[in-house]
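Have the model open while you read.

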Amino acid sequence: PAAAAPPAGAPDDRRAVWIAVLPFDNLSGDPDQDYFADGIAEDVITGLSAFRSLRVIARTSSFRYKDIDVAIPDIADELGVRFVLEGSVRKAGDRVRVTAQLIDAIDQHHVWADRYDAELVDIFDVQDQITRSIVIAVDPAIRAAEVERVSRVRPDNLDAWDHIQRGTMEMHKGKRDANVEARRHFRAAIDLDPGYSEAHAGLAWTYFWDDFLYWSDDAPASLELAYEEAKRAVDLDKLDAASHSVLAAANLWMGRLDAAQRAAEQAIQLNPSLSVGYFAKGVALKYAGHAEEGIEMISQAIALSPRDSLLNWFYGARAIGHFMAGQLEEAAEDARAGIRIRYGYLLGRVVLIAALAEMGRLDEARTELQVLLNIRPDFTPTLLDTYPFTDATNHDRERLIAGLRVAGLL
C-alpha cells in the first residue's frame, strides 16, 4: 500500500514518512501526572524531528486528540500520516511504567511496541531516559516497515524513495553482491531525483564498504568516491545528520581525523540520537591518541543502538580503545563481544589475540590465532595498514603486531 498523503498544505514529500505522536494517556488516576505524560510525548516529537527521514506532525495538531476517543485510522486520515505513535503512563508509588506502540495506520499493524519501568528518583531524568529510548527505537522500526512495504512493490514501479529503501535493505546485508545491488538502487534514485541527499549518502556508504571490507579492486579510488558522494550529500542538505556521518567515516578512513571529528560533531549536533555520529567521533579520537575520550564516545554509540547492524564494529573499535589505554581485560571482553556478533570479524580476533598475549595468557592466544588462520589462511598483519593510526598511536599498532607474533604468527 502507498503511504498516506501529507497533511493539507504540506509539501508532497515522499522523501520522508509522516508520523503523528499522540498525547500519552495518564493511567495513574492522578490528574497531576498529566504533565509527565505530556512531557514524554512532547519530547518524543522533538527527538523524532531530528531524523530527516521523518516528518513529524506538530504538537498543536496531534494534541487535539487528547482525551478524545477517535480510531487510529481516522486520526491518521485526518492528519495525513501513515504512522501513529501512542502510549500510556502509569505511576504507582515511587515507580512509573510507560508503554509505547507504533502503528501503521494503513493496515493497523503494530510495527513496534515496548514497555519501560523506572524508579522516580528524578522524574525529569526518567522522562529523558524513556524519551530517548522511544526515539531511538522508532526510526529503525519505521525503516523496517518501509523495507517490508517496498519488497511488495514491483521493481518497475519504484520511485526515488522506494529505491532508497531497497538500497538500504541490500546494503545492510553486509555482502559484496548485495552492496553492488544497493549501489544500483541509489544510482536509480539519483537518476530520478539528482538533488536527493539521502541517495548520495547511501551511494557514499556503498563505496566506503567497498574499501573497508576489501571488496574493491581499487580501494583508494573507492574511498575517494565515498568522500565525493558524502560531500555532495552534505552540500545538498546541510541539516541531514546522516550525510555528515558518512562524510565523517570517509574522512576518518582517509586519515583526516580532524575533519572526521568535525563532521561527526555536526552529525551529533543535528541528531543527538544518531549512534554512528558518536561512533565516528570516538574512533577519530582514539586514533588521534585520546583513547579514554574515544571509549566514552563509542560507549554512547553502543548505548544508543544496542542492536545496530554495525554493532560488531562498535565493540571492535572500543576494544582497540581499551587496548590503547592498557585496559587489556576490557579489550578482550569487547573483542569477544564483537566476535560473538560476527564470527569472522578479523579485527576483533586480532585485538583479542594481542590482549591475551600481553596478559601472558599464551595458550589462549595461540588457540585464538589458530581460529583466525582457519578463517583466513592468508592472513597477515598488513590488515592493520588500512587503519588510520597516527604518530600518536603507531606504537599501539606495533603492540598488536607483536602480540600476534608472540602467539605464533610467522
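Predicted model: local features only at pLDDT ≥ 70, side-chain atom pairs only at ≥ 80, totals over all residues.

Side-chain values use heavy atoms, leaving out hydrogens and water.

The average pLDDT (the predictor's confidence in each residue, from 0 to 100) is 88 for the protein, and 93% of the residues score at least 70. Residues 1-12 stay under 50, and the model gives them 22 contacts beyond four places in sequence (contact means heavy atoms within 4.5 Å).

## α7 against α9

Helices here are DSSP runs (H or I, at least four residues), numbered from the N terminus. The axes of α7 (residues 197-212) and α9 (residues 241-253) come within 9 Å and cross at roughly 25°, which makes α7 roughly parallel to α9. Axes are lines fitted to C-alpha atoms over the stretch in contact, with angles from 0 to 180 degrees between N-to-C directions; under 35 degrees counts as roughly parallel and over 145 as roughly antiparallel.

On the α7 side, the contact includes Ala-204, Trp-205 and Phe-208, and the α9 side includes Val-246, Ala-249 and Trp-253. The contact residues divide into 9 nonpolar, 3 polar and 1 charged (Ala, Val, Leu, Ile, Met, Phe, Trp, Tyr, Cys and Pro count as nonpolar, Asp, Glu, Lys and Arg as charged, the others, Gly among them, as polar).

## A ring pair between them

The whole structure has 14 aromatic pairs (ring centres of Phe, Tyr and Trp, the last by its six-membered ring, within 6.5 Å; planes under 30 degrees apart are stacked, over 60 edge-to-face, the rest tilted). One of them joins Phe-208 and Trp-253: the centres are 6.4 Å apart and the planes at 65°, so the pair is edge-to-face. Phe-208 sits in α7 and Trp-253 in α9, 45 residues apart.

## Two antiparallel pairs

α9 also meets α8 (residues 219-236): their axes come within 8 Å and cross at roughly 150°, so the two are roughly antiparallel. Leu-223 and Tyr-227 are among the α8 residues there, with Leu-247 and Trp-253 among those of α9.

Further along, α10 (residues 257-270) and α11 (residues 275-287) come within 8 Å by their axes, crossing at roughly 155°; they are therefore roughly antiparallel too. That contact has 10 nonpolar, 2 polar and 2 charged residues.

Technical notes. Residues numbered from 1 in each chain as written. Parallel < 35°, antiparallel > 145°, perpendicular 65-115°, else oblique.
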